[in-house]
Number of protein chains: 2
Amino acid sequence: MELQVIARDHACGARRGRLKTAHGIIETPVFMPVGTLATVKGVSPEELKELGATIILGNTYHLYLRPGAELVGQLGGLHRFMGWDRSILTDSGGFQVFSLARINKVEEGGVVFQSHIDGSRHMISPETATEIQMVLGSDIAMCFDECNSYPVSRKYARESMERSVRWAARCRHHHTDPQQALFGIIQGSVHVDLRETCLERLLEIGFEGYALGSLSVGESKEQMLEVMEALLPQMPVSQPRYLMGVGTPEDLVEGVRLGVDMFDCVMPTRNARNGMLFTRGGSIQIKNSRFAQDPEPIENGCTCYTCQRFSKAYVRHLFMARELLGYRLNTIHNLHHYLTLMGEMREAIQKGTFLQWRQQFYENRNLRAENSGGN
Amino acid sequence: MELQVIARDHACGARRGRLKTAHGIIETPVFMPVGTLATVKGVSPEELKELGATIILGNTYHLYLRPGAELVGQLGGLHRFMGWDRSILTDSGGFQVFSLARINKVEEGGVVFQSHIDGSRHMISPETATEIQMVLGSDIAMCFDECNSYPVSRKYARESMERSVRWAARCRHHHTDPQQALFGIIQGSVHVDLRETCLERLLEIGFEGYALGSLSVGESKEQMLEVMEALLPQMPVSQPRYLMGVGTPEDLVEGVRLGVDMFDCVMPTRNARNGMLFTRGGSIQIKNSRFAQDPEPIENGCTCYTCQRFSKAYVRHLFMARELLGYRLNTIHNLHHYLTLMGEMREAIQKGTFLQWRQQFYENRNLRAENSGGN
C-alpha cells in the first residue's frame with residue numbers, strides 16, 4: 001500500500017492523497033466513522049455511502065468478544081457480514097484491552113484480561129490480534145500495542161514503547177495476508193525522543209503505514225501538538241499517517257495542517273446519541289428548551305438528510321422521547337458534518353488555500369460565539 | 001369521504017376498495033403502521049414509503065402530552081412536523097386514557113386523568129379530543145369514546161356505550177374541518193345487541209366511517225369473531241370499516257374475510273423491537289441460538305431490505321448487542337410482512353381468489369409447524 005500524494009500545501013504540512021485497497025479508492029485526508037460492533041451505531045451501510053464514507057473502522061476487541069471473529073470469518077468476513085463493500089480498518093484491540101477490560105496481566109507474551117461484558121478470561125497476543133484481523137478480512141490491520149494513558153512515568157513509557165515495538169515485529173512476522181495492509185503504531189507518551197526512537201525502530205521493521213497512538217488520552221492540546229509537530233515530518237512521505245482516536249473538528253483541522261492523512265473517532269456518533277450536534281458555529285445541545293419550537297433545521301444550509309427534512313423542534317422531540325429515529329437523524333447530521341469538513345479540507349489543499357480555509361473555519365466559530373454567547 | 005368499492009369476493013365478506021384523502025389514495029383493505037409519537041418507531045418516512053405504507057396512525061393522547069398538539073399545530077401540523085406527506089389517522093386518545101393513564105374521574109363532561117409520564121393532571125373531553133385532532137391536522141379523526149376492557153358487566157357495558165354515543169354526538173357537533181373525516185366507534189363489549197344499538201345511534205348521527213372498538217382486549221377469539229360477524233354486515237357498504245388495534249396476521253386475514261377495510265396494531269413494530277419476527281411459516285425469536293451462525297435471511301424469498309442484505313446471524317448479532325440498526329432492520333422486516341400480506345389479500349380479492357389465498361396462508365403455517373415443531 002502506498003499513498004499517492006496528489007497535492008500539497010507548501011505553506012504547511014497538509015497533503016492531499018489517494019489510497020487504494022481491495023475495496024476501493026480512499027481520498028485523503030479521510031475521517032473513518034467508527035463501526036465498533038460491525039455497525040456504525042445508528043446508520044445503515046447505505047446511509048454511510050450517501051454520507052460519503054469510503055472507509056470505516058471496526059474494533060477487533062469488541063468483535064472478538066461479540067459475535068466472535070471465527071463466526072464473522074465463517075460468514076465471509078466483516079465486509080460481507082455487515083453489508084459494507086467499501087474499505088475497513090480494524091484496530092488491534094490494544095486500546096480497548098487497556099481502557100475497557102479488566103487487565104489481569106501484561107506480559108511479554110501478551111495481555112490476559114477479563115471481558116467487560118461477562119468477566120470471562122481471555123488472552124490477546126500480537127499473534128492472535130493479527131490472526132483475528134486476518135480472519136475479519138479488513139483492508140488495513142493495526143499492530144497490537146500497549147496504549148498508554150496519561151500521565152505515565154517516563155520509565156514506564158519507555159518500557160511500554162519498547163515492548164510495543166517488539167510486539168510490532170511479531171505482528172509483522174505473523175502477518176501473511178497480501179490483501180491486507182499492516183500499520184505500525186508510534187508510542188512513547190508525550191516524550192518526543194521516545195516517539196522518535198519508536199518510529200525509527202518501526203521503520204526498520206517496515207509497515208504499509210504509520211500511526212500515532214496514545215494521543216488525546218488526557219495530555220494537554222499543546223503536548224499533543226508538540227508530538228505531532230515533531231513526528232509527522234519524520235514519517236515516510238509516501239505512506240499514510242494515521243492519528244488514532246482523534247478527535248474534535250479542531251483536532252482534525254490541526255491534524256490535517258500538520259500532515260495527517262487518516263483519523264477516526266467516536267465523537268460524531270457518540271455525541272449524536274447524547275444529543276450534542278455539530279454546526280459550523282460550534283456545537284449545540286438539542287435538548288435545550290430554546291429549540292422546542294424552532295422550525296429551522298439543525299444548521300441552515302446543511303445538506304444532510306436530517307437538515308433537509310426536519311426541524312430542530314422535531315429532532316428535539318425525538319430526542320426527548322428517546323425515539324430510535326432521533327438517534328439516527330442526529331448521527332446522520334454529525335457524520336455529515338465531519339465528512340463534509342474533510343471534503344472541504346481536501347478541496348482547499350488541492351486549490352492551495354488550506355490555511356485561508358482554516359482561518360475561515362475558526363472565524364465561523366468565533367463569530368457565533370460573539371453573537372450568541374456560545375452554549 | 002366515501003369508500004369506492006372496486007371488487008368484492010362473493011364467497012365471503014371481503015372487499016377491495018379505495019379511499020381518498022387530501023394526502024392521497026389509500027387502497028383497502030389497508031394496514032396502518034402505528035406512529036405513536038410522530039414517528040413509526042425505528043423507521044424513517046422514506047422507509048415507510050418504500051414499504052408501501054399509504055396511511056399511518058398517530059396517537060392523540062401521546063402527542064397531546066409530548067410534544068403537545070399546539071406545538072405541532074404551530075409547526076404546520078403533524079404531516080409537516082414528522083415529514084410524512086401521505087395520510088394520517090389519529091385516534092381520539094380514549095384507548096390510552098383508559099389503558100395508560102391513571103384515571104381520576106369519568107364524568108359526562110369527559111375524563112380527568114394523570115399523565116403516565118409525569119403524573120400531571122389533565123382533562124380530555126369529546127370537544128378537546130376533537131379540537132386536538134383538528135389542530136394535528138390528521139386526515140381521519142376518531143370520536144372520543146370510552147374503551148372497555150374485558151370483562152365488564154353488561155350493565156357497565158350498556159352505560160358506557162350510551163355515554164360513548166352521547167360523546168360521539170358532541171364530537172360530531174364540535175368537528176368543523178371539512179378536510180378531515182370523522183369516524184364513529186361502535187362499543188358494547190361482547191354483547192351483540194348492545195353493539196347493534198350503538199351502531200344504530202351512530203348511524204343516526206352520521207359519520208364518514210365506522211370503527212369497531214374495544215376488541216382484542218381480553219375476550220376470546222370466538223367472542224371477537226362473533227361481534228365482527230354480526231356487526232360488519234350491518235355497517236354501511238359505502239363507508240370504511242375500521243377494526244381498531246387488531247392484530248395478528250391471522251386476525252387481519254379473518255377481518256378481511258368479514259369485510260374490514262382498515263387495521264392498525266403495534267404488533268409488527270413492537271414485536272420487532274423485542275426480536276420477534278414474522279415469517280410465512282409463523283414467527284421466530286431471533287435471539288434463539290440456533291440462528292447464531294445462520295447465513296440465510298430471516299425469510300427466504302422475502303423482498304424486504306433486511307432480507308435482501310443481511311443474514312439471520314447478523315440480525316441476531318445486532319439484536320443481542322442492542323444495536324440501533326437491529327431494531328430498524330427488524331421493524332422493516334415485520335412491517336414488510338404485514339404490508340405485503342395486505343397487498344396479497346387485495347390482489348386475491350380482485351382476482352376472486354381470496355378464500356383460496358386464505359387456505360394457502362394457513363397451510364404455510366401448518367406446514368412449518370409440522371416440519372420444525374414450531375417455536
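Let's start with one definition: two residues are in contact if their C-beta atoms, placed from the backbone, lie within 7 Å.

Now, what are we looking at? This is a predicted model, where local features need pLDDT of at least 70 and side-chain atom pairs count only at pLDDT 80 or more, while totals for chains, interfaces and linings use all residues. Residues are numbered from 1 along each chain as its sequence is written, and chains are lettered from A and ligands numbered from 1 in the order in which they are written.

Okay, the two chains. 30 residues of chain A are in contact with 29 residues of chain B. On the chain A side, α3 (69–74), α4 (78–82), α13 (312–320) and α14 each supply at least two residues. Those labels are DSSP runs numbered from the N terminus: helices are H or I with at least four residues, and strands are E with at least two. By class, that side of chain A splits into 17 nonpolar, eight polar and five charged residues. For the classes, Ala, Val, Leu, Ile, Met, Phe, Trp, Tyr, Cys and Pro are nonpolar, Asp, Glu, Lys and Arg are charged, and the others, Gly among them, are polar.

Which surface does each copy use? 97% of the interface residues of chain A are also interface residues in chain B, so the copies meet through the same surface.

Next, symmetry. In general, two copies of a chain are related by a rotation about an axis and a shift along it.

Leu324(A) comes back when we look at helix α14. Helix α14 (residues 324–351) of chain A packs against helix α14 (residues 324–351) of chain B at about 120 degrees, with the axes 10 Å apart. Axes here are lines fitted to C-alpha atoms, for helices over the stretch in contact, and angles run from 0 to 180 degrees between N-to-C directions. So α14(A) and α14(B) are oblique to each other. On that scale, under 35 degrees is roughly parallel, over 145 roughly antiparallel, 65 to 115 roughly perpendicular, and the rest oblique. Who makes the contact? Leu324(A), Tyr327(A) and Arg328(A) do on one helix, and Leu324(B), Tyr327(B) and Arg328(B) on the other.

Chain A is divided into domain 1 (4–265) and domain 2 (272–364), with bounds from an automatic or database domain assignment. Taken over C-alpha atoms, the domain centres are 27 Å apart. Between them, 24 residues of domain 1 are in contact with 23 residues of domain 2. On the domain 1 side, β2 (15–21), β4 (30–32) and α10 (249–258) each supply at least two residues, and α10(A) gives the most, with five. That side of domain 1 has 15 nonpolar, two polar and seven charged residues.

Over to chain B for two helix pairs. Helix α6 (residues 126–136) and helix α7 (residues 154–174) of chain B pack at about 45 degrees, axes 8 Å apart, which makes α6(B) oblique to α7(B). Helix α7(B) also packs with helix α8 (residues 192–205) of chain B, at about 15 degrees with axes 10 Å apart. That makes α7(B) roughly parallel to α8(B). The contact of α7(B) with α8(B) has nine nonpolar, no polar and three charged residues.

Most residues other than glycine have a negative phi, and most peptide bonds are trans. Where does Ser216(A), not a glycine but with a positive phi of about 60 degrees, sit? Ser216(A) is in the loop between β12 (209–212) and α9 (221–231) of chain A. The peptide bond from Val246(A) to Gly247(A) is cis, with omega near 5 degrees, and Gly247(A) lies in the loop between β13 (241–243) and α10 of chain A. In chain B, a cis peptide bond joins Arg66(B) and Pro67(B), with omega about 0 degrees. Pro67(B) is in the loop between α2 (60–65) and α3 (69–74) of chain B.

That's my tour, thanks!
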